[in-house]
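Hello,

Here is the structure I promised to pass on to you. Have a look at it first, and then read on for what turned up.

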Amino acid sequence: MKCLIAKLLIHIHSGPELKNKLTLGLLVAKTGVAEGHSVTLFMAADAVHALNCRAEGEIVGQGTGDANLHLQALAAANVQIMVSGMSAKARGYDDSLLSGYNASFAMPDKLISLALDADTVLCY
């Protein structure tokens, strides 16, 4: 039986201190893309630090993989990544954080809009 294509919103708010949750969310997003689903990623709170992870091995979960490798795969698949502008600014990041990704800053109203439009919302 063929699986229906779904619109998935993956909302990650866990940062590097919760590396298993962070990398699990990225792994699920990558898996969704591999299965042919439409995936949008929304990163908020401490999860914005993951976009500053630019080398393999910086954030590795137990059995959930490497954040950098997951982010590279999502970038290669041109997955839309929405980044909380308020979270990024509060943590000292500017537009350079978005470099290399199909990413843009967004506000809470965008998260609500994406959630209402998605078939499934998963949070990590």
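Leu-8 has its bridge partner in strand S7: the residue is Thr-120. This and everything below comes from a predicted model. The pairing between S1 and S7 (residues 120-123) is parallel and is made of four bridges. S1 itself spans residues 7-12, and five of its six residues are buried, which leaves the strand mostly covered.

S1 is also joined to strand S2 (residues 38-43), again in parallel, by six bridges. Within that pairing, Leu-9 sits opposite Thr-40 of S2. To get from S1 to S2 the chain passes through helix H1 (residues 19-34), giving a β-α-β crossover that is right-handed.

S2 in turn pairs with strand S5 (residues 80-84), in the parallel sense and over four bridges.

Five strands form an open sheet with parallel pairing, and their order is S6-S5-S2-S1-S7. The edges are taken by S6 (103-106) and S7; each has a single partner strand, so one side of each has no neighbour in the sheet. From one strand to the next, the twist averages 25°. Helix H4 (residues 108-117) packs on this sheet and touches S1, S2, S5, S6 and S7. The direction of H4 makes about 145° with that of S1.

I also looked at the loop between S1 and H1, where you will find Ser-14 and Leu-18. Is Ser-14 buried or exposed? Its relative accessibility is 2%, so Ser-14 counts as buried, the cut-off for that being under 20%. Setting aside neighbours within four places in sequence, Ser-14 is in contact with Lys-21, Leu-22, Asp-46, Ala-47 and Tyr-124.

Leu-18 counts as partly exposed because its relative accessibility is 39%, a value that falls between the cut-offs of 20% and 50%. The C-alpha atom of Leu-18 is separated by 8.6 Å from that of Gly-61, although these two residues are 43 residues apart along the chain.

If you open the model with S1 in view, you can follow the pairings from there: S2 through six bridges and S7 through four.

Best wishes, and happy browsing!

Note on methods. Residues are numbered from 1 along each chain as its sequence is written. This is a predicted model: local features need pLDDT of at least 70, side-chain atom pairs count only at pLDDT 80 or more; totals for chains, interfaces and linings use all residues. Side-chain values use heavy atoms; hydrogens and water are left out. Buried means under 20% relative accessible area, exposed over 50%, partly exposed in between (1.4 Å probe, protein chains only). Helices (H or I, at least four residues) and strands (E, at least two) are DSSP runs, numbered from the N terminus. Two strands pair if DSSP finds at least two bridges between them. A crossover is right-handed if, with the strands pointing away from the viewer, the path from the first strand over the helix to the second runs clockwise. Axes are lines fitted to C-alpha atoms, for helices over the stretch in contact, and angles run from 0 to 180 degrees between N-to-C directions. Contact means heavy atoms within 4.5 Å.
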